[in-house]
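Hi,

Here is the structure I said I would pass on.

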Amino acid sequence: MRIRPHLVLLLVFSMPFAFGQKPEETFEKTVKPFLTKNCLACHNPSLKTAQLDLAPLRDTKAAMAERDVWENVLAKLKSGQMPPASAPKPDREVTALVTEWMEAHIERYDRGRKVDPGRVTARRLNRAEYNNTIRDLLGVSFRPADDFPIDDSGYGFDNIGDVLSLSPSLMEKYLRAAGQIVKLALRTGAAPKPMV
């Protein structure tokens with residue numbers, strides 16, 4: 001394999017952009033020229049190939065505020081789908097620098113983003129889980145949940161918190177079972193004689 005001197009120089013001078021500079025500077029000096037040369041001919045406001053317009057991302061502030069578009073572009077570049085076969089392929093080294101910037105930008109964006117996981121439902125144990133917990137936790141062979149009403153199910157499962165309800169009659173059965181479990185678990189009477 002023959003090493004091209006201009007590629008070595010490009011890599012040597014591009015490395016500080018990728019690793020030593022601020023992301024904005026790297027974008028201006030590496031990513032923006034790459035987009036202009038390889039992407040904007042198809043992904044512009046008039047053509048919008050694949051419903052993607054990259055022209056607004058020539059503005060550094062707009063580019064830094066974007067995440068999902070970069071993830072989409074990164075996937076296409078890494079898979080080799082873009083640029084298309086009919087277009088000239090950019091140098092692999094330059095493409096590697098651009099994809100590294102995109103990966104780092106997505107990671108930075110995700111780290112700084114506050115994610116709202118939504119409401120988490122407090123769930124109760126279903127009948128099988130309740131019996132197994134009593135057995136494992138207290139070491140008694142008592143199955144109090146066999147007397148409980150059948151658990152509701154959703155999507156074929158009976159352990160989904162949003163589906164499991166707690167009716168007043170079930171609460172009474174829990175309290176009654178708790179009393180029986182305590183009697184079985186706590187032994188009363190004369191203390192056993194010590195072993196010698």
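Predicted model: local features only at pLDDT ≥ 70, side-chain atom pairs only at ≥ 80, totals over all residues.

The protein has seven helices and zero strands, so the pattern along the sequence is simply α-α-α-α-α-α-α. Of its 196 residues, 28% are buried. Among contacts with a separation of 6 or more, 57% are between residues 24 or more positions apart.

Now the inside. The largest nonpolar core has 21 residues, and the members touching the most others are Phe27, Val31, Leu35, Leu54, Trp70, Trp101 and Met102. Two or more residues each come from α2 (23-38), α3 (60-65), α4 (68-79) and α5 (92-112), and α5 gives the largest share, five residues. Leaving out residues up to four places away in sequence, Trp101 touches Pro23, Thr26, Phe27, Val31, Met64, Trp70 and Arg108. There is also a second, separate core of nine residues, including Ile134, Ala145, Tyr174 and Ala177.

The residue I'd point you to is Asp151, in the loop between α6 (127-138) and α7 (168-185). Is Asp151 buried or exposed? It counts as buried, because its relative accessibility is 12% and the cut-off is under 20%. The Asp151 side chain makes a polar contact with the side chain of Arg124, at 3.0 Å. Beyond its neighbours within four places in sequence, Asp151 is in contact with Arg124, Asn126, Arg127, Asp158 and Leu164.

Cheers

Note on methods. Residues numbered from 1 in each chain as written. Heavy atoms only, no water. Helix = DSSP H or I, 4+ residues; strand = E, 2+ residues; numbered from the N terminus. Buried < 20%, exposed > 50% of the residue type's maximum accessible area, 1.4 Å probe, protein only. Polar contact = N/O pair within 3.5 Å; in protein donor to acceptor, adjacent residues only side chain to side chain. Contact = heavy atoms within 4.5 Å. Core = buried A, V, L, I, M, F, W, Y, C linked by side-chain atoms within 4.5 Å.
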